[in-house]
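Thanks for coming. I have one structure to go through, and I will take it piece by piece.

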Amino acid sequence: MKRTLYTILGVDPLATSEEIAAAYARLHAAFQSGSYDRNDWVLVREAYAVLSNKDKRGHYDRSQIAPPLTRGVDADAGSKAGFNLDWRYGLGAGLLVAALVYWSKGRAPAAPPVVAGQGASQVAMQDNGAHGGGFPAQSQSQSQSHSQAVSAPAAGNGSGAMGMEDLFAKLSPFVARINMYNGASMVGTGSGVALGGNEIITNCHVALAGSRLQVKLGRDSYDATVIVADEERDLCKLSVKGLNAPAAVIGASGELRTGQRVIAIGAPHGLDLTISDGIVSSLRPLDGGTLIQTTAPVSPGSSGGGLFDSSGRLVGIVTFQMRTGQNLNFAAPAEWIGSMRTRRGGGLISKMSAERAQDNPAQSAQNGDLVVGEWHCNDPIGGTSVMIAFSDDRTLQMRYANRVSPGRWMYRESQLSIQFSNVNDTLRVEELSRDKMILKFNVGQRLVCARR
């Protein structure tokens, strides 16, 4: 039996939208309980994404209808008359193809594509086949110009595509690193994109993670404050004192196509101006915009960075990645920047942001996301307390009484490894959330920590 999107969901091809939604809900419950194959779940989600959308479902249904193999005119498909008519249609089509091949071979070979630098009269073609703002120059023949236009690479968005080197040179002046501080301690890093003048756009889960913000753009660093906090969409706009930056050109997610090339630039793990490329793997409709799913690799610290198309237009703000999958990265649509307003809330973007995912705190923190920050830890039995600041670059500072001890840390599978100059220890993380952490030593001693 042929496997279709309907058989993946276990519904009839004539199923209603309510029956499709109910089937998906049943499979989702089975997946959550661990009784459904995790590898098949990707197919289930894709099947539901298509069949729950009226237009996509119609297109899919039409694609499943095979075209007729013959053009019969009689009610009796096996009659001799019907066979002779189909045979003559096939012969006529074959003769037409042969004539076209003969005609094309008789033409003079097309001239090679024009390459910049071969002469003053020759010009390099833009990716859309245009010379400057008009049509290709026709200095030799119409056929040569046609050959040049066909040989030009097609841009992902239809025009103006650039190479990675040129894109980086063009876009790097717009992308900033954002350092978050509590007091004198840095509690994390993120990314941002210049909007022109003294304004930077980033995610709210970056901008609101510390009591003080510092923006590093190029070689200079500046203090910043939040002027618009749209927590519903996890977008915050910063005012950066002393900054006079160029403005990134904002595109529209509505112009993107699945499969189109995109580029992410940010500061993952504090590594300034890291560039990566991928494709638009899906476009997820949301109220007021489109959530962009991409394969462009990102890591913690990339949040707030830019997702650009191959012409260098800002199409999205990198916001979160799904930890339970592979290369499932998402960006908020850039056109939201123009309609931001200060508001609190738990919209879809806010709920799904990796830094805020609380359904399974241990899973959300598997790379140490929730560990980063400054914690006030108490020993309930001994009565002592220490301050520990975990930085995103895996360094830490522990303050006890008047002593400050620097070290390094690593979190993996609920184990927190701490290394000082003369001491190494591994603690079991019994509880970890946005505001609370409980650490257990091998000897049974516990530290109960609250985020400052």
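In the hairpin of β4 and β5, two residues sit between the strands, and Gly218 has a positive phi near 70°. This is a predicted model, so please keep that in mind. The two strands, β4 and β5 (residues 220-230), run antiparallel and are joined by five bridges. Within that pairing, Gln214 stands opposite Asp223 in β5. β4 (residues 212-217) also pairs with β1 (residues 175-182), again in the antiparallel sense and over five bridges. There, Ile178 stands opposite Val215 in β4.

Next, helix α2. It covers residues 17-32, and at 1.5 Å a residue its 16 residues should span 22 Å; the end C-alpha atoms are 22 Å apart, which agrees. Which residues of α2 are buried? They are Ile20, Ala23, Tyr24, Leu27, Ala30 and Phe31. These cover an arc of only 120° around the axis, which puts them on the same side of α2. In general, an α-helix has 3.6 residues a turn, so residues three or four places apart point the same way. On the face turned away from the buried side of α2 are the exposed residues Glu18, Arg26 and Gln32. After α2 comes Gly34, with a positive phi near 85°.

Last, the second largest pocket, which holds about 540 Å³ of space. It is lined by 21 residues, and the closest to its centre are Val386, Met398, Phe420, Phe441 and Leu447. At least two lining residues come from each of β15 (385-390), β16 (395-400), β17 (403-412) and β19 (424-432). By class, the lining has 12 nonpolar, six polar and three charged residues.

Conventions. Residues numbered from 1 in each chain as written. Predicted model: local features only at pLDDT ≥ 70, side-chain atom pairs only at ≥ 80, totals over all residues. Heavy atoms only, no water. 1 Å grid on protein atoms, 1.4 Å probe; cavity = no way out; pocket = protein on both sides within 12 Å on 5 of 7 lines; lining within 4 Å. Points joined across faces, edges and corners; volume = space filled by probe spheres on them. Helix = DSSP H or I, 4+ residues; strand = E, 2+ residues; numbered from the N terminus. Nonpolar A, V, L, I, M, F, W, Y, C, P; charged D, E, K, R; others polar. Expected span 1.5 Å × (residues − 1). Buried < 20%, exposed > 50% of the residue type's maximum accessible area, 1.4 Å probe, protein only. Arc of directions from axis to C-beta. Pairing = 2+ DSSP bridges.
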